[in-house]
Amino acid sequence: MRKLQNERLRNLVNYVYDRVPFYRQLFDAHGLKPSHIQRVEDLHLLPFTNKQDLRDNYPFGLLAVPRQEISRVHCSSGTTGKPTVVGYTAGDIEIFSEVVARSLAAGGCKPGMMLQNGYGYGLFTGGLGLHYGAEKLGMTVVPVSGGMTERQLMLLQDFKPEVLCCTPSYAQALAEEIKKRDISLESLNLKFALLGAEPWTDSIRQHVQQGLGLQATNIYGLSEIIGPGVSQEDVEEPGTGSYLWEDHFYPEIVDATTGEVLPEGELGVLVLTTLTKRGMPLLRYRTNDITNIYYSHSGKRTHVKMGPIKGRADGMLIIRGVNLFYTQVEEVLQMFEHLTTHYQLVVSREGSMDEVEVHVEVSQSLVRELGLEHISIVELCRFPVLSELNATFCKRLKENTGLTMRVHLKVTGEIPRSEGGKLNRIVDKRQVYA
Ligand code: DLL
């Protein structure tokens, strides 16, 4: 693997130096020549690239081939302003399909199985990425795209696909709808789900697996690098990390502040180099996703593994000086039988003090037990069970995150659900005053 990576890297640095003015300038500014980069261990000599570089070169300035040789463009799901654009040659689309096909196979899929593709089709890489990968593996694709819950449920029952692909929050929304309508899991034929495009934890996995009667694995990726299919969990090794397809994407983990490369296993920012793409290769791209990488010697594959994404270096909340990832709140939620994974964090500033409120729905069984169905704002004092639950949850949050948060318990349906795409679990009202 190292030999292959080193060969591909040497090729790549010469290729971009010759073809992309941006890289030539970057090398020159650092007094570097392509010959200085002989092995992956030399990568640290190069500076990082980031989203801003893509924006500065919007839309096609980073292409390494004439625009006419680009067979498809995608965009990353930007929050504001212009999106970041990625161009693929026909060969890049082949690589994209290959890594997605590999991911699907690791997630349990086999040729001949049917896949209901609930990722959005369009500029977003999820829909077409999964589509081409599934075709490459020899699956039957149902290209339904995201949202349209009514139609999703009809197709799940009528076509009986074995595999579902969508965001984890939308899988949750589907599971809930199936329960609400009393659709029996026997009337479906689901076996596997590949969920990704947003962070999720084991509690959501449990919820989705039970609610849909399948095994759910994590698929990770980002448009700048290729799309979905950068890494993928193996269905036989759940919860032990995802295999990162390092023959195409070389990973490094760096310290968020110093940028120094960290040793195996340590948590930091994931930096990726595309070793094989030709349309718009990226060298040392700072994903801003926080995770770790390590080799698992007991696993059935030999690629490096990547832990779940803890959060984003830029999306990390800093509350009264304490770093907080929303997945930490989710981890605490898992400890409570009567709290669900339908939650939202609301951050505000009172004077100079940051306040975090956790809004979370209590379980349906508790709602039924206490007869809360018709109460929209739970009046805590009337229900000692709830005030006790609220107090213990606050205490656990404090122990696990170091922060005091205000908790608002809600009944079923009060927290927004995914309507098909990524779900925003954080409402940061502080930005209004910034
Ligand atoms: O979300 C690609 C994708 C599509 C991945 C379908 C998986 C499934 P972007 O829209 O460019 O691409 O967003 C990329 O989403 O940097 C992460 O912050 C986040 N993300 C993607 N997958 C995961 C995951 C697609 N499995 C950004 N866990 C990335 C956590 C994820 N975060």
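User: Hi! Which residues does Leu282 touch, leaving out those up to four places away in sequence?

Analyst: Hello! This is a predicted model, and in it Leu282 touches Tyr23, Leu54, Leu62, Glu224, Ile225, Leu272, Thr273 and Thr274.

User: Where is Leu282 found?

Analyst: Leu282 is in the loop between β11 and β12, and β12 covers residues 285–291.

User: And is Leu282 buried or exposed?

Analyst: Leu282 counts as buried because its relative accessibility is 1%, and the cut-off for buried is under 20%.

User: Glu224 was in your list. How many residues apart are Leu282 and Glu224 along the chain?

Analyst: They are 58 residues apart along the chain, while their C-alpha atoms are separated by 7.9 Å.

User: Let's switch to helices. What can you tell me about α1?

Analyst: Helix α1 runs over residues 2–19, which makes 18 residues. From its first C-alpha to its last it reaches 25 Å, close to the expected 26 Å. Its buried residues are Gln5, Asn6, Leu9, Leu12, Val13, Tyr15, Val16 and Tyr17.

User: What covers those buried residues of α1?

Analyst: The cover includes α2 (21–29), together with the strands β10 (249–254) and β11 (268–274).

User: How about α5, what is its reach from first C-alpha to last?

Analyst: Helix α5, residues 125–137, reaches 18 Å with its 13 residues, close to the 18 Å expected. Several of its glycines are buried, including Gly126, Gly127, Gly129 and Gly133. Leu130, His131 and Leu137 are also among the buried residues of α5.

User: What happens just after α5?

Analyst: Gly138 comes there, and it takes a positive phi of about 90°.

User: Now sheets! What is the strand order in the nine-strand one?

Analyst: That open sheet goes β4-β3-β5-β6-β7-β8-β9-β14-β13, with mixed pairing. Its edge strands are β4 (140–142) and β13 (293–294), each pairing on one side only.

User: How does β3 pair with β4?

Analyst: Strand β3, residues 114–117, pairs with β4 in the parallel sense over three bridges. Within this pair, Leu115 of β3 stands opposite Val141 in β4.

User: Which strands does α4 touch?

Analyst: Helix α4 (residues 90–106) packs on that sheet and touches β3, β5, β6, β7 and β8. The direction of α4 makes about 30° with that of β8.

User: There's a four-strand sheet too. What's the order there?

Analyst: The order is β20-β19-β18-β21, again an open sheet with mixed pairing. Strands β20 (406–410) and β21 (426–428) are at the edges with a single partner strand each, so one side of each has no neighbour in the sheet. On average, neighbouring strands here are turned by 20° against each other, direction ignored.

User: How many bridges join β18 and β21?

Analyst: Three bridges join them, and the two strands run parallel. Val347 stands opposite Asp428 in β21.

User: Last topic: what are the domains?

Analyst: Domain 1 spans 90–312 and domain 2 spans 317–433. Their C-alpha centres lie 27 Å apart. The contact takes 25 residues from domain 1 and 18 residues from domain 2.

User: What area do the two domains bury between them?

Analyst: About 1,700 Å², with 50% of it on carbon and sulfur atoms.

User: Which three residues supply more than any other three on the domain 1 side?

Analyst: Glu176, Thr201 and Lys310 do, with 27% of the area that domain 1 buries against domain 2.

Terms used:
Residues numbered from 1 in each chain as written. Predicted model: local features only at pLDDT ≥ 70, side-chain atom pairs only at ≥ 80, totals over all residues. Heavy atoms only, no water. Expected span 1.5 Å × (residues − 1). Buried < 20%, exposed > 50% of the residue type's maximum accessible area, 1.4 Å probe, protein only. Contact = heavy atoms within 4.5 Å. Pairing = 2+ DSSP bridges. Axes fitted to C-alpha atoms, helices over the stretch in contact; angles between N-to-C directions. Domains from an automatic or database assignment. Buried area = accessible area lost by both parts, 1.4 Å probe.
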